[in-house]
Amino acid sequence: MVDHLPVRPEHLGNFVGGVWGPAAAGGTRADVSPADTSDVLGRFADSTAADAVRAVDAAETALSAWRALGPVKRAEFVRRAERIIGEREDEFARAISREQGKLYKEALGEVRRGMAILDFTAGEGRRLNGYTTPAEEPRTVAMTFRQPIGVVGLITPWNFPLTIPIWKVAPALVAGCTAVLKPSPFTPYSSALLVQAFADAGVPAGVLNLVQGDREPGEALTNDPRVAGISFTGSLPVGRAIHTAGAGRLLKTQLELGGKNAVLVLADADLDKAAAAIVFGAFGQAGQRCSATSRVVVDVSVKEALLEKVVAKVSALKVGNPFDPEADVCPVVNEDRMNACLAAITKAQEVGAKVAVGGHRFTDGVPDGYYVEPTVLRDVPWDCEIAQEEIFGPVLSVIDCDGFDDAMRISNSVKYGMSGTIFTQNPAHIFEALERFEAGMLHVNRPGVGAYAHLPHMGAKQSQYGAPECSPEVWDFYTEWRSACISF
């Protein structure tokens, strides 16, 4: 392992009303690297509901003045934060690698994508407009405009501990909302650095607050009547719980809830291109992405040829710690995730799936951490648990299909709808697939992960509820419409 940048003591606490401090009850929890359990970044605040209430107090106090600035001036703070993050990109990338486990090169990519999102969102400050429309009466102007919804709670996951907070914080602030950020307890440091960057950019006290911890502060944000909206990225059960808890008071929610993404490989596909995209999509970041390739639905006529290419590529992947420049696959985030991956592999074998490569915990030449061999399962029944439920690890299920219609049926058989991908040379199948995929982000003859900083990050079915993120459509969450008729 290489030397790491230290965690500054102030970042171990919460950031409320412009001040760093401990949780009110004094609770803490360790931030342990999944790549090396001897690497403890520190003991971060473990907050209670009281801390969330204090943060909402600060956000509510700051709301009126922040709203009055207008979107152009608010966007200037976002642009300053982008420059600061760029100056500190190595510090951010090392923090992400240490606490989340992803490879340093992947973490650096996350930092740069976050900066691109900040750049896009800051530019939207000059386009946060309504429209004029003809009036029915003379000497009258009819128009619409947007207003911020108020205080928002932003609850973020561990798999992209910088980028996902960025794509919630930036539009919230540009829209004129004030915010309480509650990140995953597994990745507190990355969020602390992000909030510090916004503070250093001059964002006024109380506009952006940080409350570290697990379930209790998140529930308090959801139940606080002063919180106008909750933007959440994470698991389907938690998203449902947030939505249900807020339904009685018509809480506005924006929920991104995971996926079970399929890559369809038809008989006429370029198998070399497909194999490379599949391996990249399935094992980058150890499969811990909502858009990760977790299913390959392949025509039986080319299954063996594709499997041969995929297995060869996977066998050549190197599992290693985040700071090993030769590593291709990082650890999973914690022991529970590692055990869940291994249990899913065992259960799949019980219903007829076969391990083509991998299938075990990886311990060779790595520190004591949570490493899983990149695993390919073949002959997976399309309706078994591992083919239907999100695994969130380096496990790929290969499912047979018989032609295009069967491939589409299997692809759409799951409750999720985050990403859909097809490899084929047939233009008719390409455009029909784009119509028939029950998924939000679609790809043709390319890896089925990711999107541009200005292209909506969105799902369908039970992967998404509410406005997309990373796009002009995001303003439909952070703002609400007004219409006005003015006689003159």
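How are helices α9 and α10 oriented to each other? To find out, select residues 271-283 for α9 and residues 303-315 for α10, where helices are DSSP runs (H or I, at least four residues) and strands are such runs too (E, at least two), numbered from the N terminus. This is a predicted model, in which local features need pLDDT of at least 70 and side-chain atom pairs count only at pLDDT 80 or more, while totals for chains, interfaces and linings use all residues. Residues are numbered from 1 along each chain as its sequence is written, and side-chain values use heavy atoms, with hydrogens and water left out.

**Stop one: α9 and α10**

Two packed helices are described by the angle between their axes and the distance between the axes. The axes of α9 and α10 come within 9 Å and cross at roughly 45°, where axes are lines fitted to C-alpha atoms, for helices over the stretch in contact, and angles run from 0 to 180 degrees between N-to-C directions. The two helices are therefore oblique to each other; angles under 35 degrees count as roughly parallel, over 145 as roughly antiparallel, 65 to 115 as roughly perpendicular and the rest as oblique. Now show the side chains of the contact (heavy atoms within 4.5 Å), which include L271, I278 and F283 of α9 and L306, V310 and V314 of α10. By class, this contact has 11 nonpolar, no polar and three charged residues, with Ala, Val, Leu, Ile, Met, Phe, Trp, Tyr, Cys and Pro counted as nonpolar, Asp, Glu, Lys and Arg as charged, and the others, Gly among them, as polar.

**Stop two: α4 and its partners**

Next, select α2 (residues 71-87) and α4 (residues 104-124), whose axes come within 9 Å and cross at roughly 160°, so that α2 and α4 are roughly antiparallel to each other. Among the residues that meet here are V78 and I85 in α2, and M115 and L118 in α4.

The contact includes I117 and L118 of α4 together with I166 and W167 of α5, and by class it has seven nonpolar, three polar and two charged residues.

**Stop three: the cavities**

Finally, look inside the protein, where the structure holds five cavities of 30 Å³ or more. On a 1 Å grid over the protein atoms alone, a cavity is a set of points where a 1.4 Å probe fits but cannot get out, and lining residues have an atom within 4 Å of a point; grid points are joined across faces, edges and corners, and a volume is the space filled by probe spheres set on the points.

The largest cavity holds about 100 Å³ of space. Select G287, A292, S294, F392 and G393, which are the closest to its centre of the 14 residues that line it. Its lining divides into five nonpolar, six polar and three charged residues.

The second largest cavity has a volume of about 70 Å³, and of its 15 lining residues the closest to its centre are R295, S411, S419, E438 and A439. Highlight strands β12 (261-265) and β17 (419-423) as well, the elements that give two or more residues to this lining.

Methods:
On a 1 Å grid over the protein atoms alone, a cavity is a set of points where a 1.4 Å probe fits but cannot get out, and a pocket is an open set with protein on both sides within 12 Å along at least five of seven lines; lining residues have an atom within 4 Å of a point.
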